[in-house]
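Colleague: I have a few questions about the packing in this one. Can we go through them with the model open?

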Amino acid sequence: MPEGYPLNLRQVLLYLGQDGFWVAECLSLPGCVSQGETREAAVQSIREGIEGYVLALKDDGLPVPAEPFDAVLLAV
């Protein structure tokens, strides 16, 4: 993880879905996806989802994937 980042910080992809709801995905945690009627609601929901995902991994004795901070958004 790059120096200076909090250990619990995750990259999240946020976009408007086809149904008009905002979709939030944490790419470093496969399957960790949430949504909300607003951007703010989607962000709050994915925060809760990430927290639950990490807790479930720890409860099961599984490793928590590192956040590589390597996502790049390009417009082409």
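This is a predicted model: local features need pLDDT of at least 70, side-chain atom pairs count only at pLDDT 80 or more; totals for chains, interfaces and linings use all residues.

Colleague: Which element gives the most residues to the largest nonpolar core?

Modeller: That core has nine residues: Trp22, Ala24, Cys26, Leu29, Cys32, Ala42, Ile46, Ile50 and Val54. Two or more residues come from each of strand E2 (22-25) and helix H1 (39-59). With four residues, the top contributor is H1.

Colleague: Which residues point the one way from E2, and which the other way?

Modeller: In a regular strand, side chains alternate between the two faces of the sheet. In E2, Trp22 and Ala24 point one way, and both are buried. Buried as well, and pointing the other way, are Val23 and Glu25.

Colleague: What stands opposite Leu14 in E2?

Modeller: E1 and E2 pair in the antiparallel sense, over four bridges. Leu13 stands opposite Glu25. For Leu14, the residue opposite is Ala24.

Colleague: And on E3, which residue is the bridge partner of Ala24?

Modeller: E2 also pairs with strand E3 (residues 33-36), in the antiparallel sense and over four bridges. In E3, the partner of Ala24 is Ser34.

Colleague: Which residues does Ala42 contact, leaving aside its neighbours within four places in sequence?

Modeller: Ala42 is one of the nine core residues. Two of its contacts, Trp22 and Ala24, are listed in that core too.

Colleague: Which residue takes a positive phi in the hairpin of E1 and E2?

Modeller: Five residues lie between the two strands. The phi in question is near 90°. It belongs to Gly20.

Colleague: Now Arg10. How far away is the nearest side chain of opposite charge?

Modeller: Arg10 sits in the segment before strand E1 (13-16). Arg10 is buried. A salt bridge needs a side-chain nitrogen within 4 Å of a carboxyl oxygen, and Arg10 has no salt bridge. The nearest such side chain, Glu67, is at 4.2 Å.

Colleague: Which side chain makes a polar contact with that of Arg10?

Modeller: Cys26, Ser28, Leu29, Ile50, Val64, Pro65, Ala66 and Glu67 touch Arg10, not counting residues up to four places away in sequence. A polar atom of the Arg10 side chain lies 2.7 Å from the backbone oxygen of Pro65. The side-chain partner, at 2.8 Å, is Ser28.

How values were computed
Residues are numbered from 1 along each chain as its sequence is written. Side-chain values use heavy atoms; hydrogens and water are left out. Buried means under 20% relative accessible area, exposed over 50%, partly exposed in between (1.4 Å probe, protein chains only). Lys and Arg count as positive and Asp and Glu as negative; His and the chain ends are not counted. A polar contact is a pair of N or O atoms within 3.5 Å; within protein, one must be able to donate a hydrogen and the other to accept it, and residues adjacent in sequence count only if both atoms are side-chain atoms. Contact means heavy atoms within 4.5 Å. A nonpolar core is a set of buried Ala, Val, Leu, Ile, Met, Phe, Trp, Tyr and Cys residues joined through side-chain atoms within 4.5 Å. Two strands pair if DSSP finds at least two bridges between them.
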